Amino acid sequence: MLQEPDIGQPVESVERPERFLVRTLGKEFLLPAAEIEWIQAWGNYVNLRVRGHDYPLRSTMAAIERRIDPKRFVRIHRSYIANLDFVVEIEPLDSGDARAKLRDGQQIPVSRRYRDELRKLAVL
């Protein structure tokens with residue numbers, strides 16, 4: 001039995017995880033990917049914003065961007081990725097940049113480089 005190949009469906013896709021394990025302050029947290037409001041670059045880490053709290057995860061923005069669902073998450077700035085389920089408003093600024101307002105009132109920057117992509121995905 002041990003020599004037979006595992007032909008069943010994977011429980012969770014490694015490419016698109018349903019949750020992330022984050023270790024902080026001596027504890028481990030399982031964060032559902034769907035509950036991540038936004039992701040922010042922070043040195044050699046990314047901060048996952050979930051229910052008003054930041055959870056650091058050792059990863060780069062490029063690596064995390066490859067793992068998350070591109071239909072739900074969109075890069076809006078070189079330092080931010082937003083979950084479209086939490087974006088309620090896009091406020092254009094005179095500079096050509098914008099601000100994304102989230103359900104909880106938080107605002108995160110949207111650079112002009114990524115603004116058109118955000119608009120396109122937001123209406124799908």
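Guide: Leaving aside residues up to four places away in sequence, Arg49 touches Glu35, Ile36, Glu37, Trp38, Asp54 and Gln106, where contact means heavy atoms within 4.5 Å. This is a predicted model, in which local features need pLDDT of at least 70 and side-chain atom pairs count only at pLDDT 80 or more, while totals for chains, interfaces and linings use all residues. Residues are numbered from 1 along each chain as its sequence is written, and side-chain values use heavy atoms, with hydrogens and water left out. Arg49 counts as buried because its relative accessibility is 11%; the scale calls a residue buried under 20% relative accessible area, exposed over 50% and partly exposed in between, with a 1.4 Å probe and protein chains only. Arg49 belongs to strand S4; strands (E, at least two residues) and helices (H or I, at least four) are DSSP runs numbered from the N terminus.

The sheet around this strand is open and has five strands in the order S5-S4-S3-S7-S6, with antiparallel pairing; two strands pair if DSSP finds at least two bridges between them. Its edges are S5 and strand S6 (73–77), each of which pairs on one side only. From one strand to the next the twist averages 25°, with axes being lines fitted to C-alpha atoms, for helices over the stretch in contact, and angles running from 0 to 180 degrees between N-to-C directions.

Trp38, one of the contacts of Arg49, is buried, as is Tyr80. The structure holds two aromatic pairs, meaning rings of Phe, Tyr and Trp (its six-membered ring) with centres within 6.5 Å, called stacked when the planes are under 30 degrees apart, edge-to-face when over 60, and tilted otherwise. One of these is the tilted pair of Trp38 and Tyr80, with 5.7 Å from centre to centre and 55° between the planes. That pair joins distant parts of the chain, with Trp38 in strand S3 and Tyr80 in strand S7 (residues 80–83), 42 residues apart.

Phe29 lies in strand S2 (residues 27–32), and it counts as partly exposed because its relative accessibility is 27%. Beyond four places in sequence, Phe29 touches Phe20, Leu21, Val22, Thr24 and Tyr55.

The chain also forms an open sheet of three strands, ordered S8-S9-S10 with antiparallel pairing. Here S8 and strand S10 (107–110) are the edge strands, each pairing on one side only. Strand S8 (residues 87–92) and strand S9 (residues 98–102) are joined by five bridges in the antiparallel sense, with Ile90 opposite Ala100. Five residues separate the strands of this hairpin, and Gly96 takes a positive phi near 100°. S9 and S10 are also antiparallel, over four bridges, and Lys101 has Gln107 of S10 as its bridge partner. Helix H2 (residues 112–122) packs on this sheet, touching S8, S9 and S10, and its direction makes about 110° with that of S10.

Arg58 lies over the face of Tyr45, at 5.5 Å from the ring centre, and the charged end of Arg103 is over the ring of Phe86, 4.4 Å from its centre.

Definitions and conventions: A charge sits over a ring if NZ of Lys or CZ of Arg is within 6 Å of the ring centre and within 35 degrees of the ring normal.
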